[in-house]
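Q: I'd like a close look at one part of this protein, with the side-chain pairings spelled out. Could you walk me through it once the structure is up?

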Amino acid sequence: MLGVGGTAIWPRSARTQEKIRRIAVMSPSTTTVEEIRDVVFPELAKMGFVEGRNLIVTTHVGTQLELSELARQALALAPEVFIASTNASVRAILEHTTTVPIVMAFAGEDPVATGLAKSLARPGGSVTGLTNQAAEFAAKNVSLLHEAVPAARRIGALALPPPRHISSIQEMQRVALHLGLSCEPFYAQYTAEYEAAFGAMRTARIEALICAAAPEYIRDAAIISRFALAAGLPTIGEATSMARDGCLIGYGTNRVVFRRRAADFVARILRGTPPGELPIEQPTVFELTINLVTAKKLGLDIPQSILARADEVIE
C-alpha cells in the first residue's frame with residue numbers, strides 16, 4: 001500500500017516542480033492576438049507547454065504609437081520569448097532588448113531588407129519566425145485586380161502611413177506601370193480615418209482598390225468593404241476573410257496553416273535553440289476567395305479564368 005501511495009503522490013510532486021515558462025504576445029490588432037491564441041497555443045500544448053500549467057501568457061495590444069511602451073511593460077514581466085505580429089511590433093521590442101528571443105508570427109515586410117535579420121537561412125540575432133513578404137503579395141494583387149476588373153485604369157492603394165508600406169506601394173506602382181495603370185496611395189491608420197481616405201479616392205476618380213497587408217485592415221474589413229461598395233470600388237485584400245467580410249477578392253497566405261508554424265519556433269527556443277540559428281520561413285499555402293455577392297452589387301462579371309482558380313466562391 002505504501003508503494004501504491006508513493007506512485008500516486010509522485011506525479012503530483014513532479015507537477016509542482018515543473019518550470020513555469022513565460023511568453024508575451026504583441027500586436028497592433030486584437031484580431032491577430034485572438035488568432036495567435038486560437039492557433040499557436042493549442043499546438044504548443046501538444047509540445048508540452050500548456051497555459052495554466054507550465055506556461056504563463058500575457059498579451060499586449062495597442063496602436064503603432066503605443067507599441068514601444070507596451071514592449072517595455074511586457075519586458076517587466078520577464079518573458080522568455082515574444083510572439084510578435086508585424087515588423088513594427090518587432091522593432092518596438094528591439095528598442096528595449098536584443099537578447100529576449102522574438103518569434104514573428106507573422107511579419108509582412110522583408111526582415112532582411114528591414115535589418116531585422118542577416119539572412120532568412122541564418123537570421124543571426126534575436127529575431128526569427130515567419131515572414132509573409134507582403135510586397136510580393138501587393139504586386140500579385142495588382143495583377144489579380146486588373147484581371148478581374150480590366151476596365152479599371154486608376155488603382156488606389158489603402159495603406160498605413162510611411163514607413164509601414166513603402167515597399168508594398170513601390171511594388172504596386174511598378175506592376176501597375178507595366179500594365180499601363182496608375183496606382184496612387186491613400187493613407188489610413190485608424191478606423192476614423194477611412195471616411196477621409198475614401199473621400200480622397202472619389203476626388204481622385206479611383207476605379208478599384210487594393211488594401212495593403214495590415215492586421216488593422218483585416219480587422220476592419222467589413223467597414224472597409226462598406227466604404228468601398230458605397231464608392232463603387234472593387235476591392236482586393238490580403239486575406240480570404242476580407243472577401244467573406246464583403247471585399248470583392250481576398251488573396252494571400254493560408255493564415256491558420258502558416259501561423260501555426262510559430263509554435264515550433266517557440267518550443268525550440270524554450271528548449272534551448274538560439275533564435276539566430278532557426279531559419280525564417282515563408283508561406284507555401286495560398287488561398288483565393290471571390291465574393292460574387294459583392295460583384296453583383298458592383299455590376300461586375302468576374303472572368304471565368306479567375307473563378308476557375310478560386311479556392312472559395314461566395315454566392
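Are Tyr-194 and Tyr-217 buried or exposed?

A: Happy to. Please keep in mind that this is a predicted model. Tyr-194 is buried, and Tyr-217 is buried as well.

Let's begin with the rings. The protein has 3 aromatic pairs. In one of them, the ring centres of Tyr-194 and Tyr-217 are 6.3 Å apart and the planes meet at 55°, so this pair is tilted: a plane angle over 60 degrees would be needed for edge-to-face, and one under 30 degrees for stacked. Tyr-194 belongs to helix α7 (residues 194–203) and Tyr-217 to helix α8, so the pair ties together parts that are 23 residues apart in sequence.

Phe-198 and Phe-227 have ring centres 5.4 Å apart and planes at 15°, so they count as stacked. Here the partners sit in helix α7 and helix α9, so the pair ties together parts 29 residues apart in sequence. Their burial is worth noting too: Phe-198 has 0% relative accessibility and counts as buried, while Phe-227, at 25%, counts as partly exposed.

Between the helices α8 (215–219) and α9 (221–230) comes a loop that holds Asp-220. Asp-220 is buried, with a relative accessible area of 6%. Leaving aside residues up to four places away in sequence, Asp-220 touches Thr-191 and Tyr-194. That brings us back to Tyr-194, the residue whose ring pairs with Tyr-217.

Now for the charged side chains elsewhere in the protein. Side chains of opposite charge can pair when their charged atoms come close. A search of the whole structure finds 18 salt bridges. Glu-43 takes part in one with Lys-46, at 3.0 Å from N to O. These two residues are 3 apart in helix α2 (residues 30–46), about one helical turn. Lys-46 is exposed at 66% relative accessibility, whereas Glu-43 is buried at 17%. Glu-43 also meets Arg-260 in a salt bridge, at 3.9 Å from N to O. This second bridge links distant parts of the chain, with Glu-43 in helix α2 and Arg-260 in helix α11 (residues 255–260), 217 residues apart. Arg-260 is partly exposed, with a relative accessible area of 35%.

Another salt bridge joins Arg-309 and Glu-147, whose closest N and O atoms are 3.0 Å apart. Arg-309 lies in the loop between α14 (304–307) and β12 (312–314), and Glu-147 in helix α5 (residues 134–148), so the pair ties together parts 162 residues apart in sequence. Both ends are partly exposed: Arg-309 at 41% and Glu-147 at 27%. Salt bridges with shared partners also join Glu-35, Glu-238, Arg-255 and Arg-259 into one network. Charge meets an aromatic ring as well, where the charged end of Arg-37 sits over the ring of Phe-41, 5.7 Å from its centre.

To place all this in the whole, the protein contains 14 helices and 12 strands. The radius of gyration is 22 Å, close to the 20 Å that the globule rule gives for 315 residues, so the protein is as compact as a globular protein of that length. Of those 315 residues, 50% count as buried.

How values were computed. Residues numbered from 1 in each chain as written. Predicted model: local features only at pLDDT ≥ 70, side-chain atom pairs only at ≥ 80, totals over all residues. Heavy atoms only, no water. Helix = DSSP H or I, 4+ residues; strand = E, 2+ residues; numbered from the N terminus. Buried < 20%, exposed > 50% of the residue type's maximum accessible area, 1.4 Å probe, protein only. Contact = heavy atoms within 4.5 Å. Phe/Tyr/Trp six-rings, centres within 6.5 Å; stacked < 30°, edge-to-face > 60°. Lys NZ or Arg CZ within 6 Å of the ring centre and 35° of its normal. Rg over C-alpha atoms; globule rule 2.2 N^0.38 Å. Salt bridge = Lys/Arg side-chain N within 4 Å of Asp/Glu carboxyl O.
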